[in-house]
Amino acid sequence: SKIDALSNILDGKRYKVIGTQWNSEDTFDNNVATLIDQINSVSDQFDDIVIIGCSLGGFYARYIACKLNCYAVLINPVVEPLIQMEPLIGSFKNYVTGNKYEFTDKLLQSYAAGLVKDTCNCLTYVSRTDKILPNNISFIYFYQQLYGKIIETETEHRVDDYSQLPNFAEEINTLVNTLAG
């Protein structure tokens with residue numbers, strides 16, 4: 001549903017939306033390698049790559065954008081996974097596949113590898129009212145130099161309707177045009 005929603009806003013305007021997948025039960029390093037392989041398999045078809053990620057996907061998007069020197073749009077991204085995700089250790093149901101999985105302390109610890117303090121080409125949307133990551137806005141502003149332009153919203157943590165994000169397509173164009181030009 002996220003791919004369809006993004007496609008409705010972005011496809012044909014300048015961008016082609018292509019989905020990637022990572023495994024909730026795999027380590028950070030393995031997931032990064034998988035995601036980079038998926039991005040590299042299509043990257044030669046495009047002038048600009050913009051990685052969009054929400055929550056933990058936002059953590060991945062920022063990390064990969066720094067590594068590949070491309071653009072990232074982050075929506076309520078996890079900033080400090082070792083702190084923010086520790087309460088989430090336990091059994092869960094994947095909201096996309098419906099499969100049950102176990103988020104373990106070992107998996108949590110693997111996210112330490114993603115704590116890069118590099119700046120990259122980011123645009124960050126963060127909710128003032130996020131109930132999943134309730135203090136996330138404080139983390140974003142504490143590290144604000146790492147998160148590019150920050151736009152505050154009143155959205156839920158998970159965003160499926162991108163029209164709720166102020167000037168979404170226009171802000172992405174500004175990000176790419178400003179940094180490319």
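Q: Which exposed residues sit on the face of α2 turned away from its buried side?
A: D37 and S41 are the exposed residues carried by that face of α2. This is a predicted model.

Q: And which residues of α2 are buried?
A: The buried residues of α2 are F28, N31, V32, L35, I36, I39 and V42. Seen down the axis of α2, they fall within an arc of 135°, so they line one face of the helix.

Q: How many residues does α2 have, and what is its reach?
A: Helix α2 covers residues 28-43, which is 16 residues. From first C-alpha to last, α2 reaches 22 Å, close to the 22 Å expected at 1.5 Å a residue.

Q: Now α3. How many of its residues are buried?
A: In α3, 11 of the 13 residues are buried, so the helix is largely enclosed by the rest of the structure. The buried ones are L56, G57, G58, F59, Y60, A61, R62, Y63, I64, A65 and C66.

Q: What covers them?
A: The cover over the buried residues of α3 includes α2, β1, β2, α4 (81-84) and β5.

Q: Which strands does α3 lie across, and at what angle to β1?
A: α3 lies across β1, β2 and β5 and runs at about 155° to β1. The reach of α3 from its first C-alpha to its last is 18 Å, close to the 18 Å expected at 1.5 Å a residue.

Q: Sheet next. What is the strand order?
A: The order is β1-β2-β5-β6, an open sheet of 4 strands with parallel pairing. The edge strands are β1 and β6 (149-153), each of which pairs on one side only. From one strand to the next, the twist averages 15°.

Q: How many bridges join β1 to β2?
A: Strand β1 (residues 50-54) and strand β2 (residues 71-75) run parallel and are joined by 5 bridges. C54 has I75 in β2 as its bridge partner. The chain crosses from β1 to β2 through helix α3 (residues 56-68), and this β-α-β crossover is right-handed.

Q: And β5 with β6: how many bridges there?
A: Strand β5 (residues 121-127) pairs with β6 in the parallel sense over 5 bridges. The bridge partner of Y125 in β6 is I151.

Q: Back to the ends of those elements. What is phi of S55?
A: Phi of S55 is near 60°, a positive value in a residue other than glycine. Most residues other than glycine have a negative phi. S55 is in the loop between β1 and α3.

Q: Is S55 buried or exposed?
A: S55 is buried, with a relative accessible area of 19%; the cut-off for buried is under 20%.

Q: What about the residue that follows α3?
A: N69 follows α3, and its phi is positive, near 55°.

Q: And N76, what is its phi?
A: Phi of N76 is near 45°, again a positive value in a residue other than glycine. N76 is in the loop between β2 and α4 and counts as buried at 0% relative accessibility.

Q: What is in contact with N136, leaving aside its neighbours within four places in sequence?
A: N136 is in contact with N76, P77, V79, Q84 and V126. N136 is found in helix α6 (residues 136-142) and counts as buried, at 0% relative accessibility.

Q: What separates its C-alpha from that of D47?
A: The C-alpha atoms of Y95 and D47 are separated by 32 Å, and the two residues are 48 residues apart along the chain.

Q: Last one, G19. Where is it found?
A: G19 is found in the loop between α1 (2-10) and α2. G19 is partly exposed, with a relative accessible area of 40%. Beyond its neighbours within four places in sequence, G19 is in contact with I3 and Q38. G19 and L6 are 9.9 Å apart, C-alpha to C-alpha, and 13 residues apart in sequence.

Note on methods: Residues are numbered from 1 along each chain as its sequence is written. This is a predicted model: local features need pLDDT of at least 70, side-chain atom pairs count only at pLDDT 80 or more; totals for chains, interfaces and linings use all residues. Side-chain values use heavy atoms; hydrogens and water are left out. Two strands pair if DSSP finds at least two bridges between them. Helices (H or I, at least four residues) and strands (E, at least two) are DSSP runs, numbered from the N terminus. A crossover is right-handed if, with the strands pointing away from the viewer, the path from the first strand over the helix to the second runs clockwise. Axes are lines fitted to C-alpha atoms, for helices over the stretch in contact, and angles run from 0 to 180 degrees between N-to-C directions. Contact means heavy atoms within 4.5 Å. The expected span of a helix is 1.5 Å times one less than its number of residues. Buried means under 20% relative accessible area, exposed over 50%, partly exposed in between (1.4 Å probe, protein chains only). The arc is that of the directions from the helix axis to the C-beta atoms.
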